[in-house]
Amino acid sequence: MSVTPSSIIQIGKVRLSVVSKGGKEATIGILTEGAFFGEGCLTGQPLRMCSATAMTECTVMRIEKKSMMEVIHRERAFSDMFVAYLLTRNIRYEEDLVDQLFNSSEKRLARVLLLLAQFGKDGKSEVAIPKISQETLAEMVGTTRSRVNFFMNRFRKLGFVCYNGELEVHSSLLNVVLHD
């Protein structure tokens with residue numbers, strides 16, 4: 001049995017998705033430059049939990065398990081960075097779970113859009129999101145495409161988002177997440 005290598009995204013965006021036994025697909029994340037995926041192989045995970053699909057043109061570097069383990073043990077700075085990355089991602093997954101359990105689909109969509117726009121990073125208040133379908137947003141939010149369409153139209157009418165060939169998210173969308 002061959003072990004799937006770990007990978008790091010150098011350029012582009014990658015969609016992580018899972019498929020249930022019944023065939024239902026869910027998008028669990030969108031990864032960008034500097035993100036790792038497939039690191040389950042480092043612990044001997046026998047089967048992949050999710051699939052990675054390029055959303056844009058990508059350059060991805062495959063890292064074989066042996067090489068990755070050597071670098072983790074040899075390079076303290078890399079090891080520290082990798083552990084910090086994994087802990088940050090784990091926190092994000094916990095936040096996603098709490099969001100799914102306790103928030104409305106409207107709030108979940110607002111949060112997903114803010115995360116995709118990388119709100120709060122680099123001091124940017126309004127960021128364009130690469131082309132993403134309402135179906136993919138619905139998978140990420142855990143609702144239907146028609147509900148996403150309804151909320152996106154509402155967000156647009158309220159000035160929280162703008163469509164000009166690409167989706168632009170305004171910082172005012174944060175009000176949906178922060179207020180009941």
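Modeller: A search of the whole structure finds 11 salt bridges, each being a side-chain nitrogen of Lys or Arg within 4 Å of a carboxyl oxygen of Asp or Glu. Some ground rules come before the detail. This is a predicted model, so local features need pLDDT of at least 70 and side-chain atom pairs count only at pLDDT 80 or more, while totals for chains, interfaces and linings use all residues. Residues are numbered from 1 along each chain as its sequence is written, and side-chain values use heavy atoms, with hydrogens and water left out.

Start with Arg111. Its side chain meets that of Glu95 in a salt bridge, at 3.6 Å from N to O. This pair links distant parts of the chain: Arg111 sits in helix H3 (residues 105-116) and Glu95 in helix H2, 16 residues apart. Helices here are DSSP runs of H or I with at least four residues, strands are E runs of at least two, and both are numbered from the N terminus.

Arg111 is buried, because its relative accessible area is 14%. Glu95 is partly exposed, because its value is 42%. Buried means under 20% relative accessible area, exposed means over 50%, and partly exposed lies in between, with a 1.4 Å probe and protein chains only.

Asp96 forms a salt bridge with Arg111, and their closest N and O atoms are 2.7 Å apart. Again distant parts of the chain are linked: Arg111 is in helix H3, Asp96 is in helix H2, and the two are 15 residues apart. Asp99 also forms a salt bridge with Arg111, with the closest N and O atoms 3.5 Å apart. That pair too joins helix H3 to helix H2, across 12 residues. Both Arg111 and Asp99 are buried. Salt bridges that share partners join Arg92, Glu95, Asp96, Asp99 and Arg111 into one network.

Leu97 counts as exposed, because its relative accessibility is 52%. Together with Val98, Leu101 and Phe102, Leu97 makes a nonpolar surface patch of about 460 Å². Patch residues have over 30% relative accessible area and no salt bridge; like charges are joined within 9 Å, and nonpolar side chains (Val, Leu, Ile, Met, Phe, Trp, Tyr) within 5 Å. The areas come from the Shrake-Rupley method with a 1.4 Å probe, and for residues only the protein chains shown count as cover.

Next, some distance from the network. Lys21 lies in the loop between strand E2 (14-19) and strand E3 (25-31). With a relative accessible area of 92%, Lys21 is exposed.

Ser7 is found in strand E1 (residues 6-11), and counts as buried, because its relative accessibility is 6%. Ile63 is found in strand E6 (residues 59-63), and is buried too, with a relative accessible area of 13%. Leaving aside neighbours within four places in sequence, Ile63 is in contact (heavy atoms within 4.5 Å) with Pro5, Ser6, Ser7, Ile8, Phe36 and Met68. For scale, the C-alpha atoms of Ile63 and Val177 are separated by 38 Å.

Now the whole chain. The protein has 6 helices and 9 strands. Its radius of gyration is 18 Å, close to the 16 Å that the globule rule gives for 180 residues, so it is as compact as a globular protein of that length. The radius is taken over C-alpha atoms, and the rule is 2.2 Å times the number of residues to the power 0.38. The C-alpha trace spans about 55 × 40 × 30 Å along its principal axes. Of the 180 residues, 35% count as buried. Among contacts between residues at least 6 apart in sequence, 65% join residues at least 24 apart.

Finally, confidence. The average pLDDT, the predictor's confidence in each residue from 0 to 100, is 88, and 93% of the residues score at least 70. Helix H5 (residues 145-157) is highest, at a mean of 96, and strand E7 (residues 127-129) is lowest, at 76. Where pLDDT is low, the predicted coordinates should not be read in detail.
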